[in-house]
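This report describes the contacts between and within the chains of one protein model. The sequence and structure are shown first.

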Amino acid sequence: MSKATIAVIDYGMGNLHSVASALEHVAPNHDIVVSSEVEVIANAERIIFPGVGAMRDCMAEIKRLNFHRLVPELIASGKPVLGICVGMQALMTHSEENGGVEAINQLPGEVKFFGEHLTENGERLKVPHMGWNTVSQTADHPIWHGIEDNAHFYFVHSYYAKSEKKDLVIGSCQYGLEFDVVLAKDNLAAVQFHPEKSHSNGLQLLKNFSQWNTGA
Amino acid sequence: MALAKRIIPCLDVENGRVVKGVQFVDIRDAGDPVEVSKRYNEQGADEITFLDITATHEGRDTTVHTVEKIASEVFIPLTVGGGIRTVDDIRTMLNAGADKVSINSAAIFNPDFVKEAADRFGSQCIVVAIDAKCVSAEGEPKRWEIFTHGGRKPTGIDAVEWAKKMTAFGAGEILLTSMDQDGMKNGFDLNVTSAISEAVHVPVIASGGVGNLQHLVDGVKLGKADAVLAASIFHFGEYSVPEAKQYMRDQGVEVRL
């Protein structure tokens, strides 16, 4: 019998090598495929929806490859889906980046700019929010298994997500303001940080995703 | 809790070997950048910078393979610099698994290259490296100029203005090396570091001159750096990354332990 597959959706934006190698590391019982082919992605047991770069460019490629239809279908099918970074932002309703971009609207909420005058305790903060910050686990969830509350994860982003529905927020972070960094709804989870670059905490999260039983 | 200040060990690599030498790896693996990176990863380094100083074309292929190998075994951010001159160079390194590329002299010869790179790949992966040297006479207000060719060739470009221009062009981070301090082990040039860190809105990595752990603290507290980069204090086993982090935390610097 062939192994179950985790598909990493490739729409030409960013370094998917790291996501794939991190998954190979933590999910040896799965085949990891990086693909832009609808059929390959649709046949996978689990799906990763990554992304880096500008929102406008990401959404343009997502639409060109018809992923704005595929991804909601995958989510509706009940398979575990994980959005990462801009992948998370693309799952929201709308982003104010690039003068305003409509997103896939699977997680109701806005993606907003940190602004160039962000401060904390009177100290000016740099944007992008780049580096290791702590994530407060605001609700229990299988992807938090074995990860301590307020563990560090690696971030790099200038825009942040704000969910309309508080009950979907399972992780939050503080950088000048509080924002949502992990959202979860049924079989869908989305993270703003890069688990594939977050050392043991990130690897544990990916491992949890590979074992997440969503009842599908 | 706040964003942690990053500690970044730097590997100077030539033809697939770490050239400054590394004391802590055993003889078998001495100078193997993959082994060295893995060790720093295990020690809790926040990031790794890989500086390729290979001159030949064949050597560059080795670099790509080395980067691939590191990226498949080390799950922290990896920046690759040295010889990044074209959009293709960037694509090659990102495809090999680098998270960021560091652009140095190519930005000086063609500043628009930074713009093109940021447009194509996003600011988050474009680091501009600045080699600065103090050029003001004693008693004058401090002024720093960009130098190329390992600090030998002046360019006439003011370092602070250059940093502002590069971030306006899309650089997502500045890697600032003081050519006066590099290799001296007297600490960072805190004046140029704070001048640039205050002038730009993106993170600044301080580099050049670290000889002890207090230098790292000073780089953050006095130099206002967002990250500190060092090579020899870690390579030669004088200090480990956890020791550095504990020391910084004891001095009130937010670190990831």
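## Aromatic pairs

Two rings of Phe, Tyr or Trp, the six-membered ring in the case of Trp, are taken as a pair if their centres lie within 6.5 Å; planes over 60 degrees apart make the pair edge-to-face. In this predicted model, 12 aromatic pairs are found over all chains. One of them joins Phe155(A) and Phe193(A), with 5.6 Å from centre to centre and 85° between the planes. Because that angle is over 60 degrees, the pair is edge-to-face.

The pair links distant parts of the chain, 38 residues apart: Phe155(A) belongs to strand S11 of chain A, whereas Phe193(A) lies in the loop between strand S15 (188-191) and H6 of chain A. Phe155(A) has 0% relative accessibility and therefore counts as buried. Phe193(A) likewise counts as buried, because its relative accessibility is 0%. Chain A also holds an aromatic cluster made up of Phe114(A), Tyr160(A), Tyr175(A) and Phe179(A).

## Interface of chain A and chain B

Contact between the two chains involves 31 residues of chain A and 36 residues of chain B. Together the chains bury about 2800 Å², and carbon and sulfur atoms account for 55% of this area. On the side of chain A, the residues that lose the most area to chain B are Lys126(A), Met130(A) and Trp132(A), which together make up 26% of what that side buries.

Two salt bridges cross the interface. One of the residues named above, Lys126(A), meets Asp226(B) in a salt bridge, with 2.9 Å from N to O.

Four elements of chain A, namely helix H1 (16-26), strand S10 (129-137), strand S11 (151-157) and helix H6 (199-211), each supply at least two residues of the side that touches chain B. S10(A) provides the largest share of that side, six residues. Classified by residue type, the side of chain A that touches chain B comprises 10 nonpolar, 14 polar and seven charged residues.

## Helix H3 of chain B

Helix H3 of chain B spans residues 87-96, and its buried residues are Val87(B), Ile90(B), Met93(B), Leu94(B) and Ala96(B). In an α-helix there are 3.6 residues a turn, so residues three or four places apart point the same way.

The buried residues of H3(B) pack against H1 of chain A. Within chain B, they pack against helix H2 (57-73), strand S4 (78-81), strand S5 (100-103), helix H5 (112-121) and strand S6 (126-134). After H3(B) comes Gly97(B), which has a positive phi, near 120°.

Notes: Residues numbered from 1 in each chain as written. Chains lettered and ligands numbered in written order. Predicted model: local features only at pLDDT ≥ 70, side-chain atom pairs only at ≥ 80, totals over all residues. Heavy atoms only, no water. Contact = heavy atoms within 4.5 Å. Buried area = accessible area lost by both parts, 1.4 Å probe. Salt bridge = Lys/Arg side-chain N within 4 Å of Asp/Glu carboxyl O. Nonpolar A, V, L, I, M, F, W, Y, C, P; charged D, E, K, R; others polar. Phe/Tyr/Trp six-rings, centres within 6.5 Å; stacked < 30°, edge-to-face > 60°. Buried < 20%, exposed > 50% of the residue type's maximum accessible area, 1.4 Å probe, protein only.
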